[in-house]
Amino acid sequence: MRFSSAIRAALIALTVTGAALATAYADSGGIRFNVIKAGFVVGGSGGSGTLMFHGRIYPLSIGGISYGFTFGASSTDFVGEVSNIRTPTDVNGVYGAASAGVALGAGAGGIVLTNQNGAILTLSGRQAGLIVAADLNGLLITLR
C-alpha cells in the first residue's frame, strides 16, 4: 500500500514539475500596430504592425469587426507587450473586448487582451478622430 502511495506522489511531482517547466519556457516580446476603425452600428477596423520577438521583427495584419452603437471614425496607435508566447505564431488569433467611449480629437488609454493560444497583449494607445462607441469588438491578428 505504501509503495503505490509513493509512486502516486512521484507521478504528481513529475506532473507539477512538467507544468512548471512548460510555463517557464513562455516568453514575451514587444508589439506595435495601428488600427483604423469606422462604423455606423456595425463597424470595421483594419491595420498593420510589427511583433518584436527574440531580436527579429515580424509583420502583422490586423482586422476586426464591432457590433453595437458605433458612429464615426478613429485611428489608434497601440504599443505594448505580448506575453505568454513560445513562438511568434502564438500571437495569431482572435482577441475580444467590450468597449465604450468617445474620442473627439486626441485621447489615450490602455487595454489587456487574450487570444485562444493564451497570448496576452498589454497595450497602451493614442487615439485620434471623432467616434462614439459602445460595442463588442473582435480583433484578428495574423503574421504576414
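This briefing covers the fold, the nonpolar core, the aromatic pairs, the surface patch and the backbone of one protein model. The model is predicted: local features need pLDDT of at least 70, side-chain atom pairs count only at pLDDT 80 or more, and totals for chains, interfaces and linings use all residues. Residues are numbered from 1 along each chain as its sequence is written, and side-chain values use heavy atoms, with hydrogens and water left out. The protein has one helix and four strands, in the order α-β-β-β-β from the N terminus.

**Fold and overall values**

- Helices (H or I, at least four residues) and strands (E, at least two) are DSSP runs, numbered from the N terminus.
- Of the 144 residues in the protein, 28% are buried; buried means under 20% relative accessible area, exposed over 50%, and partly exposed in between (1.4 Å probe, protein chains only).
- Among contacts in the protein with a separation of 6 or more, 72% are between residues 24 or more positions apart; contact means heavy atoms within 4.5 Å.
- The protein exposes about 8400 Å², and carbon and sulfur atoms supply 67% of that area. Accessible areas come from the Shrake-Rupley method with a 1.4 Å probe, and for residues only the protein chains shown count as cover.

**Nonpolar core**

- The largest nonpolar core has 19 residues, and those with the most contacts inside it are Phe33, Val91, Tyr95, Leu121 and Ile141. Such a core is a set of buried Ala, Val, Leu, Ile, Met, Phe, Trp, Tyr and Cys residues joined through side-chain atoms within 4.5 Å.
- Strands β1, β2, β3 (93-114) and β4 (120-143) each supply at least two residues of this core.
- The largest share of this core, six residues, is supplied by β2.
- Apart from neighbours within four places in sequence, Leu121 contacts Ile31, Glu81, Val82, Tyr95, Ile111, Val112, Leu113 and Ile141.

**Aromatic pairs**

- Two aromatic pairs turn up in a search of the whole structure. Rings of Phe, Tyr and Trp (its six-membered ring) pair if their centres lie within 6.5 Å; planes under 30 degrees apart count as stacked, over 60 as edge-to-face and the rest as tilted.
- Phe33 and Phe78 form a tilted pair, because their ring centres are 5.2 Å apart and their planes stand at 40°.
- This pair links distant parts of the chain, with Phe33 in strand β1 (residues 27-53) and Phe78 in strand β2 (residues 56-85), 45 residues apart.
- Phe33 counts as buried at 3% relative accessibility, and Phe78 counts as buried at 18%.
- Phe40 and Phe71 form an edge-to-face pair, 5.8 Å centre to centre and with 75° between the planes.
- Phe40 lies in β1 and Phe71 in β2, so this pair ties together parts that are 31 residues apart in sequence.
- Phe40 counts as exposed at 62% relative accessibility, and Phe71 is partly exposed at 49%.

**Nonpolar surface patch**

- Phe40, Val41, Val42, Ile65, Tyr67, Phe69 and Phe71 form a nonpolar patch on the surface, with about 790 Å² of accessible area together.
- Patches are made of residues with over 30% relative accessible area and no salt bridge; like charges are joined within 9 Å, and nonpolar side chains (Val, Leu, Ile, Met, Phe, Trp, Tyr) within 5 Å. A salt bridge is a side-chain nitrogen of Lys or Arg within 4 Å of a carboxyl oxygen of Asp or Glu.
- The elements giving two or more residues to the patch are β1 and β2, and the largest share, four residues, comes from β2. Phe69 lies in strand β2.
- Val41 lies in strand β1 and is partly exposed, with a relative accessible area of 37%.
- Val41 and Thr70 are 29 residues apart in sequence and 4.8 Å apart in space, C-alpha to C-alpha.
- Apart from neighbours within four places in sequence, Val41 contacts Ser66, Tyr67, Gly68 and Thr70.

**Backbone**

- Most residues other than glycine have a negative phi.
- His54, not a glycine, has a positive phi of about 55°. His54 sits in the loop between β1 and β2 and is exposed, with a relative accessible area of 57%.
- Asn84, not a glycine, has a positive phi of about 65°. Asn84 sits in strand β2 and is partly exposed, with a relative accessible area of 29%.
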